[in-house]
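This briefing goes through the packing of one protein chain, topic by topic. Please keep the sequence and the structure in view while reading.

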Amino acid sequence: MESETRILKQARIADIARLAGVGTATVDRVLNGRVRVRDSTRQRVVQAKAAIESGTPVVDRVKPWRLKVFLPGEAGPSTEYLGRCFQEFGARGNAIIECVFTAKMEPGALARKLRACEGQGIDAVAFQALEDQRVRDAVDHLKIRKIPCLSLISSLANSSVIGFVGTDTRAAGRTAGLLMGRLCYSAGLVVIISGGQFYRSHENREMGFRAIVRKEFPHLDIADTISGQDDIEGNYQATCKFIAEHPDLLGIYSVGGGNEGIIRALHENGVAGEVKLIGHNLTAKTKAYLLDGSMDYVLHQNMRHAAELAVETMIAELEGRPGDIPILPIEIITRENILGMTFG
């Protein structure tokens with residue numbers, strides 16, 4: 001029967017090796033900064049050392065659970081912060097977490113990464129899902145091999161994932177629509193800027209936004225969605241083109257990342273503050289945009305809470321005590337209530 005032990009002493013090499021599931025020679029190489037140690041192994045050793053020296057609860061197992069997390073690379077500061085949160089929660093001692101950034105918007109690459117978890121000693125996987133059958137097949141492949149998968153931030157419909165950690169994205173879009181309708185009093189045009197068609201979260205936000213604007217704000221016309229591929233430069237080019245072609249533009253709803261490009265386009269075209277902008281996720285940049293008036297609202301999800309809940313959910317599944325996963329709340333942040341708000 002497993003029990004919890006609190007270790008309150010300086011970490012010894014033998015203790016670190018046991019917790020990380022590696023040899024003492026490997027621990028010695030990591031602690032002394034020697035080369036020829038894989039990044040994932042180095043990460044496990046560092047996390048095991050932190051867990052022992054901080055006295056965090058350590059499950060008395062032969063080895064801690066090995067969890068792997070896949071996040072899109074170059075997806076912006078909120079995703080990078082989420083990755084750092086996973087590293088932090090991996091130092092609790094009952095799990096070693098390897099966080100890997102994959103090629104953004106490439107479902108084939110994500111599917112290959114998922115399948116490669118087989119035979120690596122990985123116990124469970126969390127990933128930001130891309131809507132693609134290859135990804136679903138990879139999840140099914142791992143399920144057969146008793147490696148449960150959890151979708152994170154963006155869900156994967158009709159798949160064998162054990163659950164989803166994130167917000168109600170349809171409700172987030174409806175909230176954005178309600179806010180936009182109350183910002184834009186006169187008749188005119190609003191547009192949605194999306195990251196593409198791979199994220200179900202983006203599709204749900206768009207559907208929610210359109211539904212509430214059509215129902216409650218008939219004085220607003222909604223243009224066809226434009227895509228900047230969740231990229232700063234892509235959003236800049238798409239926004240500049242749209243502004244030039246639509247002088248009656250009143251508002252922009254950005255459902256994904258790359259807001260820096262939208263802001264640059266608004267300023268260069270002299271309409272920053274005049275064209276209303278609603279986006280997602282509080283970061284150092286979106287905080288600055290709120291404060292200077294370039295952005296009106298940020299709809300935020302707590303990334304630290306998301307990482308913690310994902311780790312708890314995977315471990316609960318592995319230990320045979322699965323339960324309901326709570327939906328993360330949607331926080332509405334303005335420049336007037338930003339004091340005390342954190343990215344996490």
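Are α1 and α2 roughly parallel or roughly perpendicular to each other? The model is a predicted one. In it, α1 (residues 13–20) and α2 (residues 24–31) pack at about 105°. Angles of 65 to 115 degrees count as roughly perpendicular, so α1 and α2 are roughly perpendicular to each other.

**Helix pair α1 and α2**

- The axes of α1 and α2 are 9 Å apart.
- On the α1 side, the contact is made by Ile13, Ala14, Ile16 and Ala17.
- On the α2 side, Thr24, Val27, Asp28 and Leu31 take part.
- By class, the residues of this contact are six nonpolar, one polar and one charged.

**Helix pair α4 and α12**

- Helix α4 covers residues 77–89 and helix α12 covers residues 303–318.
- Their axes are 9 Å apart, and the packing angle is about 45°.
- The crossing of α4 and α12 is right-handed.
- From α4, the residues in the contact are Ser78, Tyr81, Leu82, Cys85, Phe86, Glu88 and Phe89.
- From α12, they are Met303, Arg304, Ala306, Ala307, Glu308, Ala310 and Val311.
- The contact of α4 with α12 has ten nonpolar residues, one polar residue and three charged residues.

**Helix pair α10 and α11**

- Helix α10 (residues 259–268) and helix α11 (residues 284–292) have axes that come within 10 Å and cross at roughly 30°.
- Angles under 35 degrees count as roughly parallel, and α10 and α11 are therefore roughly parallel to each other.
- The crossing of α10 and α11 is left-handed.
- Asn259, Glu260 and Ile263 of α10 meet Lys285, Thr286 and Tyr289 of α11.
- This contact of α10 with α11 divides into two nonpolar, two polar and two charged residues.

**Nonpolar cores**

- In soluble globular proteins, nonpolar side chains tend to be buried together.
- The largest nonpolar core in this model has 27 residues.
- Leu67, Val69, Leu82, Phe86, Leu152 and Val165 have the most contacts inside this core.
- At least two residues of the core come from each of β3 (65–72), α4, β4 (95–102), β5 (124–127), β6 (149–152) and α12.
- Helix α12 gives the largest share of this core, with eight residues.
- Leucine 82 touches Leu71, Leu152, Ile153, Met303, Ala306 and Ala307, with residues up to four places away in sequence not counted.
- Another core, of 23 residues, lies apart from the largest one, and among its residues are Val191, Ile193, Ile243 and Leu266.

**Helix α5**

- Which residues of helix α5 (residues 107–115) are buried? They are Pro107, Gly108, Ala109, Leu110, Ala111 and Leu114.
- The buried residues of α5 pack against β3, β5 and α6 (133–144).

- Glutamate 317 is found in helix α12.
- Buried means under 20% relative accessible area and exposed means over 50%, so glutamate 317, at 31% relative accessibility, counts as partly exposed.
- Glutamate 317 is in contact with Pro148, Ile162 and Pro322, leaving aside its neighbours within four places in sequence.
- Glutamate 317 and alanine 124 are 193 residues apart in sequence, yet their C-alpha atoms are 8.8 Å apart in space.
- Threonine 169 is found in helix α7 (residues 169–183).
- With a relative accessible area of 6%, threonine 169 is buried.
- Not counting residues up to four places away in sequence, threonine 169 touches Ile153, Ser201, Asn204 and Arg205.
- Valine 213 lies in helix α8 (residues 200–216).
- Is valine 213 buried or exposed? Valine 213 has a relative accessible area of 1%, so it is buried.
- Valine 213 touches Gly177, Pro218, Leu220 and Ile222, again not counting residues up to four places away in sequence.
- Valine 213 and glycine 177 are 36 residues apart along the chain, and their C-alpha atoms are separated by 5.5 Å.

Terms used. Residues numbered from 1 in each chain as written. Predicted model: local features only at pLDDT ≥ 70, side-chain atom pairs only at ≥ 80, totals over all residues. Heavy atoms only, no water. Axes fitted to C-alpha atoms, helices over the stretch in contact; angles between N-to-C directions. Helix = DSSP H or I, 4+ residues; strand = E, 2+ residues; numbered from the N terminus. Parallel < 35°, antiparallel > 145°, perpendicular 65-115°, else oblique. Left-handed = near helix turned anticlockwise from the far one by under 90°. Contact = heavy atoms within 4.5 Å. Nonpolar A, V, L, I, M, F, W, Y, C, P; charged D, E, K, R; others polar. Core = buried A, V, L, I, M, F, W, Y, C linked by side-chain atoms within 4.5 Å. Buried < 20%, exposed > 50% of the residue type's maximum accessible area, 1.4 Å probe, protein only.
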